[in-house]
Amino acid sequence: MGYLKVLVVKDFKSWRGQQVIGPFMRFNCIIGPNGSGKSNIMDAVSFVLCEKTSNLRVKSVRELIHGAHVGKPVSSTASVKIVYCEEDGEEKTFSRVIRGSCSEFLFNDKSVSRSAYISELEKIGILVKARNCLIFQGTVESIAMKKPKDRTQLFEQISNSWEYAEDYEKKKKKVEQAEQDAQFNYNKKKSVAAERKQAKIEKEEAEHYQMLIKELDEERIQLQLFQLYHNKKQISFLKNNLDEKNMEAYTKKEALSTAEDSFKVKKKMFGILNRDQQHMEKEMKTLEASLIQQRSLYIKAKENTSYQIKKVEMSKKSLTDKEKTCDKEKQNIKELEMELNDIEKAWRAFEEKTEEERMQRAADIELGESQLARYKELKEVARKQVATLAQQLEKLRWEDKGDQERLKLNRRKKTEIEETIKQTMEQVEEHEKRIEKLEEYAKICIGSLTEKKQQEEVLAKEIENATTRMAEVNKDLNKIVGELQNARIDYHEGRRQQMRAEILESLKRLYPDSVTPPQNVFGRLLDLCHPIHKKYQLAVTKVFSKYMTAIVVATEKVARDCIRFLKQERAEPETFLALDYLDVKPINEKLREIKEAKMMVDVVQTQFAPLKRVIQFVSGNALICETVKEAKHIAFDGPVRLKTVSLDGTLFLKSGVISGGSSDLRFKARCWDEKEINKMKEGRDSLINELKDLMRIRRKEADLKQLRAQCQGTQTRLKYSQCELDVIKKKHLANLFMEKSKLESELLNVEAQHDMLNEGVVQRKLKIEEFQKKINEVEDDVFQEFCEEIGIENIRVYEQEHVRQQEEIDKKRLEFENQRTRLNIQLEYNRDHLQKLTNSVSKLREIIHKDEAVIIKLQKDEKKLLKKVNELLEEQQHLKDRLSAHKSELTKIQNEVEESRKMMLTLNREATKLQREATALETSLEEMRLRGHNLLLECKVQDLKIELLSGSLDDISEIEPGTEIEGTQTLSGVYEREERLEIDYSTLGIHLKELESDKDIEDHVKQMQEEIKSKEVTLMKTAAPNLRAGEKLLIARDKFQESIDAFETSRKEARICKQEFEEVKKKRYDLFSQCFEHASIAIDRIYKQLCRNSSAQAFLSPENPEEPYLEGIGFHCVAPGKRFMPMDSLSGGEKTVAALALVFAVHSFRPAPFFILDEIDAALDNTNIDKVSSFIRDQAHEQVQMIVISLKEEFYCKADALIGVCPEHNEIMFSQVLTLDLTKYPEGEEHDTAEKPSHGSLFE
């Protein structure tokens, strides 16, 4: 394999002038400081190998000229040339020259095109698009992190399978289109075959259909003749019966008129008596109200008197208690005065006795005069020595004595305060017991008052609501009565309508709504729905026609049971609409888009959801228009004829028949108003019943007044109780609690003083003992010899006897003093308390005197009110007697009125029954005529050819008898015209004419209808024939042959496209697979060599094994001694090693003659640098020439040659180059050099 010999650059980037870089050995390293121009060598090689300008770190070709980047280009041209040497020594030169804004390509110094230039590069193994000989700075790690799709593109470029990619896509699209065309032609062939088969079937059905229609028409004619014959017989019979019933009904009406006149006279008399009774009842109510008022005043006065008496009794009881307390207090004062006199006497006796005893002790002294004189001398000496201590001791004793007196006084005061507090608490307990009683009584009063107030509020509200409601009811009743009188049907309803309403109510009772399953009778269609506006009434009446009064039921079974009931009751016939039996045609939604019309189903509203189906059945797709002109235009001028009706009732049928509104139509349209009138009548009856109930409520006003009087009395008692309760709580209790609080605070002060005095006494006692001890010591020193002489222990033994006796005397005197002080204080307190009680008794007597005067006045008022109440009671009894007599007379008249009413009702029922029977016959007759009309009309509409002896079917109107006939043509005129027709019944069998019973006739009709229905079902199941079925069959055969030819052509074309696509696919797959399989095997080996570890693993995995070039290629590595991790989880050095393994593996498939790598060791540590550099050196010596840009000594020390690049500065930085051949130096020296520390670079 050849190699790169030299690189010649001229004015290219940082290279000024012409510079020859080389010659290059098998393993070359380019070294130099940062910014010296190393990477510009890489850019120069890339430039000459047709790399894009944008990848050379410049914006335009001009910037590649030296100095252009600072605006000072040294020349207008620049060039790069490489000299390539083949294995046989032949040299080839590749040059690229920059001229202006474009570049020129030279091969062996001859100008060539870019494509020829690239072709020559490919001959020596350099793939421009794949860049299989260049690894730029910083791209090593990105190669490892490439997306699977990008990795696939790399393989396609290396394997050249990308050359087939465009052809592959075109062939693939062509195959898909051919397959679609073949499938389309196949489906077309199938549909044409189905058309041919259908044409054959239609031809056979057309012949069979004509035969069935002929048989059906013959059977329909027989059915119509049979029904017309027996209908005519039934009409004659009904006419005779109707005349008889009308005569009987007239006779009964005359008798009823006479009975009504007699009833009115008696009812008038009953009304006069009733008004008199009401007047008397009104007087009674007034009297009762007055009585209740006076009685409430009497009760109030009585309660006030009772309260005052109780209050006086309580005051007297309190007065007695206080007087007893005063007497007791006076007795206590007398006892205290007597006790004080006794103590004074005892004290004087004690003083006299003490004086006698002192005189006797003075005579008992045993000391001699000399001893006594000596004692006095010594005593004087001792006194002088302890004078100061004696004074202090005396002072302390006086203070102690004063404190003892104060302590005694405090004890007495404390006892008195505690006694006062106890008395105060007793008074508080008495008041609290009184409060409890008053609160309990107030609670009872409040409960009773609340209950009565609630009753009063309820009753008052009820009466007020009744009064308000009565006014509203009277107003509404007057309004409804006025409207009914204007309608002139308040007392004169049509007998026929009344009978029909009774029949409907009977049916509703027979089939109530609560039956399960719901076999309900809902009511007449007229009552269940109504137009959304009054202006639509005529139009809706016109379209609804005979169904206006039809009865809506839930099921067909209910309808049949109702018909059976009508026959049993001999009621007039009714039309029934069963919800589960109606054949409702769907609404044509497109008709709603017509702007000038509304659909009939949209202008009729109902609250009953299932009824919408009935309205849809009756209305169909009928449209309502504002004017006759619009209705006619929509009905006939459109693409399809429609059924329309104008607001004045003009109906346009699809058949072209037009019928206009008449007076009869307006009369029928009044049914909507009559429905409103019926509602008003029901409202009138409910208002009258409500008015009666309200009158009963109004009569409770007397109870309300009595209840209010009771509330007022209870409230008065409660007021007095609460006043007394407030006085006790706010005044008495508050004063007692205040007094108690003062006493307690005073007690606390006394106790605090007592504690302080006790503490002072204890401390003073200790001081006294201390002073006494000192004095005793001094006295012991002075009297020591004297005491030894007289034979006593110390002088105090002698003095103690005299001192003890004096102390006993003092103690007794103190007791007398204390007793006298205590009695004086107690006596003073009792006198003050007696004075307070005396004042309280005086005030209480004054209050009792005033209350007794008030009681006398209240008793007088009570007697006056009682007298008034008795007078009112007598007057009430007299009025009750009069009212009782009047009621008996009124009852007698009422009985007579009831008898007249019963007789009138009996006559009315008989007349009604006759009228009902006549109406039933009339309805039956009308129904039979209508049936005959419908039969004739059906013959005309269905074009049934029945034989007529006279007249013509053209005389039959196409308007249904349930609707109005245009102009002056009346319903009776239609029937008369139809009766003039004579039908030939000769074709009808004799046995059919002789049938008499309705059941036999109905059974035979059903049998014939079933036969016709069976044939109709057969016809409906049979599709309408196609008269051009033969022509259709010929056309279908021709189309079938054309579709077969087209299908064969498209299938053949699809086969050819498939073969071409498979060839391209195989070529592309083979090229890609060769490259991929080679790389898959090589990458693991290379990765192990780079890692120098057999446990390292690297493998490639296609996402689409069948067509790997369509999807991505996965690349994974397992570093030595580590578990499997995704590529992005590896370290920078591991990613670099993995990327180099991938690069070397892929490029080993189509190796370039040389490799140029720019700083691939940036992320590697020393260990990995050693591994990678060793691998590259081995590869360079065995297979490919290597040129590596590196800054690490561990890497470039293993190179065969070093190419040093150094910067020079002269206004603009430019690069210089130096080549060093390292093969001259033995490998041992290299190792020695490597072991020594590096002190400088090549250029130092």
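In which sense do strand 6 (residues 102-107) and strand 7 pair, and over how many bridges?

1. The model is a predicted one. In it, strand 6 and strand 7 pair in the antiparallel sense, with 3 bridges between them. Within this pairing, Ser 111 of strand 7 stands opposite Leu 106.

2. The sheet to which these strands belong is open and has 6 strands, ordered 2-1-4-5-6-7, with antiparallel pairing. Strand 2 (15-21) and strand 7 (110-112) each have a single partner strand, so one side of each lacks a neighbour in the sheet. On average, neighbouring strands here are turned by 20° against each other, direction ignored.

3. Helix 1 (residues 38-48) packs on this sheet and touches strand 1 (3-12), strand 2, strand 4 (77-85), strand 5 (91-99) and strand 6. The direction of helix 1 makes about 100° with that of strand 1.

4. A further open sheet consists of 3 strands in the order 9-11-12, and its pairing is mixed. Its edges are strand 9 (521-524) and strand 12 (576-578); each has a single partner strand, so one side of each is left without a neighbour in the sheet. The twist from one strand to the next averages 20°.

5. Strand 9 and strand 11 (residues 551-553) run antiparallel and are joined by 3 bridges. Arg 524 has Ile 551 in strand 11 as its bridge partner. Helix 11 (residues 556-569) packs on the sheet, in contact with strand 9, strand 11 and strand 12, and its direction makes about 160° with that of strand 12.

6. With a sulfur-sulfur cut-off of 2.5 Å, the count of disulfides is 0. Cys 1197 is in no disulfide, as the nearest cysteine sulfur, that of Cys 29, lies 8.6 Å away.

Notes:
Residues are numbered from 1 along each chain as its sequence is written. This is a predicted model: local features need pLDDT of at least 70, side-chain atom pairs count only at pLDDT 80 or more; totals for chains, interfaces and linings use all residues. Side-chain values use heavy atoms; hydrogens and water are left out. Two strands pair if DSSP finds at least two bridges between them. Helices (H or I, at least four residues) and strands (E, at least two) are DSSP runs, numbered from the N terminus. Axes are lines fitted to C-alpha atoms, for helices over the stretch in contact, and angles run from 0 to 180 degrees between N-to-C directions. Contact means heavy atoms within 4.5 Å.
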